[in-house]
Amino acid sequence: MAKTTETGNLDGYDRKIIDALVDNGRISITELSEKIGLSKTPCHQRLKRLVDEGYIRGFRAILDSSKMGLDHIAYTEVKLSDTREAALKAFNAAVFKIPEVEECHMIASSYDYLLKVRTANIRRYRQVLGERISSLPHVANTSTFVVMESVKDTDLVP
């Protein structure tokens with residue numbers, strides 16, 4: 001994730017908190033307060049406000065996909081046969097049920113959606129594509145791009 005810029009009601013301390021958490025989501029309040037130059041109580045109050053107001057949506061563990069046996073990534077373009085609102089809603093709801101789909105974005109293109117699909121290997125990807133993605137509501141056709149190497153990825157820590 002990129003460092004924060006001038007946004008909404010965020011002041012310099014808020015941006016420092018967010019930047020520090022992007023770098024290390026497990027930083028303690030004590031370390032965070034020292035890093036940004038506030039005492040612990042106001043630092044904690046600001047962090048709570050940032051979470052409560054939705055600037056920070058959550059915290060998560062970043063897994064090593066390769067160690068988990070899930071190092072095959074494919075990007076799948078999906079064209080729908082119907083793009084009226086009901087069809088889009090049906091597709092959107094159904095795509096959530098496929099755990100191998102890590103991301104789904106509606107795009108401005110000759111295709112309607114771009115999916116990031118993570119599987120163990122190409123055979124498993126072929127199964128997911130043929131049995132799950134192609135069966136989603138209103139799918140007319142798909143096109144796949146297989147990742148050969150991830151050069152820059154927000155989940156990769158240098």
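These exercises, each with a worked solution, explore a predicted model.

**Exercise 1. Which parts of the structure does the salt bridge between Asp14 and Arg46 tie together?**

Step 1. Start with the pair itself. The side chains of Asp14 and Arg46 form a salt bridge, with N and O 2.9 Å apart.

Step 2. Place each residue. Asp14 belongs to helix α1 (residues 12-23) and Arg46 to helix α3 (residues 40-52), so the bridge ties together parts 32 residues apart in sequence.

Step 3. Check the surroundings. Asp14 is buried, and Arg46 is buried as well.

Step 4. Widen the view. A network of salt bridges links Asp11, Asp14, Arg46, Arg49 and Glu53. The whole structure holds 9 salt bridges.

**Exercise 2. How do α1 and α3 cross, and which residues meet there?**

Step 1. Take the axes. Those of α1 and α3 come within 10 Å and cross at roughly 75°.

Step 2. Classify the angle. Values from 65 to 115 degrees count as roughly perpendicular, so α1 and α3 are roughly perpendicular to each other.

Step 3. List the contacts. From α1 come Tyr13, Asp14, Ile17, Ile18 and Leu21; from α3 come Cys43, Arg46, Leu47, Arg49 and Leu50.

Step 4. Sort them. The contact of α1 with α3 has 7 nonpolar, no polar and 3 charged residues.

**Exercise 3. How is helix α2 set against α3?**

Step 1. Take the axes again. Helix α2 (residues 29-36) and α3 have axes that come within 9 Å and cross at roughly 100°.

Step 2. Classify the angle. α2 is therefore roughly perpendicular to α3.

Step 3. Sort the residues. The contact of α2 with α3 divides into 5 nonpolar, 3 polar and 1 charged.

Step 4. Name them. Ile29, Thr30, Leu32, Ser33 and Ile36 in α2 meet Lys40, Cys43, His44 and Leu47 in α3.

**Exercise 4. Where do Asp52 and Lys48 lie?**

Step 1. Find the helix. Both Asp52 and Lys48 are in helix α3, 4 residues apart, about one turn of the helix.

Step 2. Look at the link. Asp52 and Lys48 form a salt bridge, and their closest N and O atoms are 2.7 Å apart.

Step 3. Read the accessibility. Asp52 has 54% relative accessibility and counts as exposed. Lys48 has a relative accessible area of 47% and is partly exposed.

**Exercise 5. Asp82 and Arg84 meet in a salt bridge. Is Asp82 buried or exposed?**

Step 1. Note the distance. The side chains of Asp82 and Arg84 are 2.9 Å apart, N to O.

Step 2. Use the cut-off. Buried means under 20% relative accessible area. Asp82, at 17% relative accessibility, counts as buried.

Step 3. Turn to the partner. Arg84, at 61% relative accessibility, counts as exposed.

**Exercise 6. Which residues is Ile56 in contact with, leaving aside neighbours within four places in sequence?**

Step 1. Locate Ile56. Its place is the loop between α3 and β1 (72-80).

Step 2. Judge the burial. Ile56 has 12% relative accessibility and counts as buried.

Step 3. List the partners. Ile56 is in contact with Ile18, Leu21, Leu47, Leu50 and Val51.

**Exercise 7. Which side chain of opposite charge is nearest to Glu77, and how far away is it?**

Step 1. Locate Glu77. This residue is in strand β1.

Step 2. Find the charge. The nearest side chain of opposite charge is Lys79, 10 Å away.

Step 3. Draw the conclusion. A salt bridge needs the nitrogen within 4 Å of the oxygen. Glu77 is buried yet has no salt bridge.

Step 4. See what Glu77 touches. Not counting residues up to four places away in sequence, the list includes Tyr111, Tyr113, Asn141 and Phe145.

How values were computed:
Residues are numbered from 1 along each chain as its sequence is written. This is a predicted model: local features need pLDDT of at least 70, side-chain atom pairs count only at pLDDT 80 or more; totals for chains, interfaces and linings use all residues. Side-chain values use heavy atoms; hydrogens and water are left out. Helices (H or I, at least four residues) and strands (E, at least two) are DSSP runs, numbered from the N terminus. Buried means under 20% relative accessible area, exposed over 50%, partly exposed in between (1.4 Å probe, protein chains only). Contact means heavy atoms within 4.5 Å. Lys and Arg count as positive and Asp and Glu as negative; His and the chain ends are not counted. Axes are lines fitted to C-alpha atoms, for helices over the stretch in contact, and angles run from 0 to 180 degrees between N-to-C directions. Angles under 35 degrees count as roughly parallel, over 145 as roughly antiparallel, 65 to 115 as roughly perpendicular and the rest as oblique. Ala, Val, Leu, Ile, Met, Phe, Trp, Tyr, Cys and Pro count as nonpolar, Asp, Glu, Lys and Arg as charged, and the others, Gly among them, as polar.
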